[in-house]
Each structure stands twice: as C-alpha cells, then as structure tokens.
Amino acid sequence: MSPACLSSVFCLLSPPQVKRKLDHGPDARPFPSGKKLCKGGGFLRPPRPVQVTPTTFCDLRLANGHSAQRRQVTSGPPPSGLQDWLHTFKMWSGPERLLALDELIDRCETNQVKHMMQVIEPQFQRDFISMLPKELALYVLRLLAPRDLVQAAQTCRSWRILAEDNLLWREKCGEEGISEGVASRHRKCGRSGGAAVSRWKSTYIQQHRVDNNWRRGDAQEPMVLTGHDDHVITCLQFSGDLIVSGSDDNTLKVWSATSGKCLRTLAGHSGGVWCSQMAVAMVISGSTDRTLRVWDAETGTCVHTLRGHTSTVRCMHLHGHRVVSGSRDSTLRVWDVWSGRCEHVLSGHVAAVRCVQYDGRRVVSGGYDHMVKVWDPETEACLHTLQGHTNRVYSLQFDGVLVASGSLDTSIRVWDSNTGGCVHTLTGHQSLTSGMKLRDNVLVSANADATVRVWDVRTGQCLHTLEGPNQHQSAVTCLQFCGRLVLSSSDDGTVKLWDLQSGAWLRDLVALQSRGSGGVVWRIRASDTRLVCAAGSRNGSEETKLLVLDFNGDETKDETD
C-alpha cells in the first residue's frame, strides 16, 4: 500500500476537533481548570482519571487479555539470585535498562532470542482492520490486489466477511473488464467458513482461472468433428452450445460443442454456402445459388427462403430481426428474418459487394469498385461514398461512428460515418487486409503478409505488429478477440495466441500435422471458454474438420490454487 494511500486512511481515522458546548459559567467567567458548576452554585470536582496506558510488559499482557502466568520453559527451580537481579534491574533508569538489555541479548543463544520474540511480538500486533468502521475497512481492502484480497480473507473470520463484500469484488471485476453478463452466469455460492461467498468474487476467480488456462494451460487434445468430407468450410458460427459450419458442399452442419456430435445437416441450397450469421438457434445462410435461407438450428427446419439477388450472396450482417446481404450483383438487400420479406434494396455499387456492416441504424458496405458506402436503409439513400482506396475493399468494421475499411491496396482507412471524411490512413501492411476486429478504440487487422497489427483508431498509431520468431509463415485468415487476448489463424496451419496489451506471442493453440505442407486453418470462432477452428487443406494433406478446445476452469478447485 502506498504512503499516500496510508496517509489518506490515517487522515480519515484522526478524531475530529469537537468544541466544548459550554466552557464558562452564567456570569461569563470561565470555569476553574478541571471544575464545572453544579446546580447549587458549587463546583463538582471531576473524578480522578484512570491510568489506562500499560507501563510494563506485564501490564500490556493483561491489557491484551492474556494471563500474567507465562508458560514454563524449564521444569527446574528458578536460578539463585534471580530476584536480586530483577530488583537491581528495576532500580536502574530507562537508559541503563536498555544498555543492560543490549548486553544481555548479545550473550543469548539463538533459541533464547527466538523465545523472546515469541513472547513479545504477539503483544504488539493489532488487528486494525477489525477495529475500523466497516466503510474504512473496505476502503483499505479496496487498495489490495485481488490475489492479496483472497489471501487476506484467510486471516480470520472478520477479515473474511469483509473480503467477501460483493460490491468490493464487483469493482475488481470492473477493473478487469468482466461484465454483468459474465457474472450473471455464476450463481451465488454457498457459505464457506461462516461467510457468504460473493457472486462477483466467484466470477472473478473463475475468469482468472479461464484466462490462465488460455495463456498457460496444459496442452490439450482438441475434440475433432468431421463431416464435410474433403470440401472447404467457408463460414463458421458459434453460439452457446451450438456450432454451425457452412461449406462449398451446399450444406451447413449443426454440431454440439459439448459432445462433438453432428446434430443435424441443413440441406436445401443448390450451390455452395459462402456466408452465414447466427443468433441463438436462428441461422441465416447465403449461397452461390443467389438465395438466403433462414434455419431453425434446433429442428433443422428451413423457415424461409429469401429470393431477390441475381448473383452469389457473398456477405451478410445480422442485427436484431434484420439481416443485410451483399451480392455479386452489386446490390444490398435488407430482409426481415421473421417474415422472410425483403424490405429495402440498396443500389449504388458498380461491382460486387464484398463486405457489409449493420448496426440497426446505418448500413456500411465495401465493394470491388474500391468504394465504401454509408446507407440509410429506411430511405434507401446513400448518405456518403467514401473514396480513397485504389483497389478492392475486402473487410469492414463499424462501431456506429467510425468505419474501418481494409483493401487490396495494402492500406486501412478510418472514416467518420457522419461526415464521410477520412480520419486516418493506416499504412504498414504489405498486402490484402482480409479481416479486422474493432473494439472501443483498438483495431486489429489480419493481412496476407503474414502479420497482425494492432492500431489506435483515435490517433492512427500502430501500437503493435504481431510478428517475430513465432509469427505466422503465411497469410492470416481469421481473427478473434477473447478478453485481453487476440487469436489469429493462418494458411500455415496454426492458431496463435497473442497478448493484446503487449503484442507478445504467448503460444500456438493449434498446429496441424500438415502445417507448412498444405494444412490450413480457414476460420476460427471463440467464446470466453472455447475455441472452434475450421481446418483442412487444398491438396488433400489434411482432412476437413472442426477442432474444439475447451479452456473452462474447474470451479470445484480451491480459490487459492
């Protein structure tokens, strides 16, 4: 705890200066020192003050509630002359006693000094936390790191009650970015040692354990899911316990993330599936057959077939009950997935639409015409055409205000969707930016130059380039955020884990046997506790499959592990 923090606590503990209500008599003359006027006009002498400060170590032991009788260190009689020696010691002045004690300690053996420490030290220890008002005690504990807080809870029962405070741990969770949604998945634990365990504390410990499993957990064999034969898995979704993979074999498959079983195959498209979106058990797929289909993943039923595009449906983005699709026919369509009705058609691109983002209010699209467009879907009006790229736009991110676009021209541009102005041009990549993720002010980009870069979209600064001896050896195919971690997959057949704050490589989570000789990880999706990878090859060196890794912590383990 820093000196500044301690001084703040001591200031709070200092007794206030309370003014006496009456320090003079009715005739305005001050009372004599130590006396007060009584009703009869006389003075009452205050009672003699009681001396409460211990003057000897024996007094201190009694004041601390210990018996004056010490444990016997020997079974024999006391040495002769002891009482005379003690009497002489008592007659000396304070400085003389200190000198005598120094000489005595110098002549003691180690076990004798240890005995003195065992007798003396406990008498000067004070449980100041238990002596403080609860609000001040919690203020002090709030200054501790979570690991120290867990250890403090094991000191005694009163400390444990304070250290289990739910609001205290909610604050610690907030500092680590653990949300209310994560906490709601953890039920309030039972009682341990007589104190109710905080739900927020349980959440923090579980998330900390999961984070450690991601970063440093033992190497584990992934669960392998096979079912698309030797076809390419083109899209991947993951929600709850359900995994949905789409392939150029014209089907989607629904898998259990727990058992690894293929629960059902969604068949109906007459062409390869190129894009998909998922919300709970609703799946929307887009195909080269020019249609979108809405599926119920629980039953495998095709709820709607959405017709209107005249070429391949290449991209889509779902928000609420609306999905916006982009096609090689150069148009975008806004659909109501509940009714299956096409509500709006957005025309303006002059080449294929390759990527789209929709936040419920604005649509942003990128195309092979080098353009990024911002739309009002309700009026079907193009609000802004963002010009600046000199080649095809392949990837987009949109947070409601800022648009980030990645292009084959090697640059990334950051735009203001309200004004249409280019805020920053991010340079450094050497090839196509195939995917990006934007969270708060941090943008992470995946590039065919085998690197991943981390940017600050407010300043346009490149914070980290994720490269070095452990960097990817081929084009990066997919990105995922997972808390303070970044996961990247590549044509080199690996999935790598990086620290977002430092840019450091942590480890390879997946390394295919055929890596470097044709093995590819096409897509990845991650939750807080699971990673799902779609892998295979284009030359037959690796079978097409899904790999599922579980990083969930063991909640039954002791909180101090």
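Q: Which residue in β36 stands opposite valine 224?
A: Leucine 547 does. This is a predicted model, where local features need pLDDT of at least 70, side-chain atom pairs count only at pLDDT 80 or more, and totals for chains, interfaces and linings use all residues. Residues are numbered from 1 along each chain as its sequence is written, and side-chain values use heavy atoms, leaving out hydrogens and water.

Q: What makes β5 and β36 a pair?
A: Two strands pair if DSSP finds at least two bridges between them. Three bridges join β5 to β36 (residues 545-550). Three meets that cut-off, so they pair. The two run antiparallel.

Q: Why is β5 called a strand?
A: A strand is a DSSP run of E, at least two residues, while a helix is a run of H or I, at least four; both are numbered from the N terminus. β5 covers 223-225, so it qualifies.

Q: Why are β5 and β34 placed at the edges?
A: The open sheet runs β5-β36-β35-β34, with antiparallel pairing. β5 and β34 (519-526) each have a single partner strand, so one side of each is left without a neighbour in the sheet. The twist averages 25° from one strand to the next. Axes are lines fitted to C-alpha atoms, for helices over the stretch in contact; angles run from 0 to 180 degrees between N-to-C directions.
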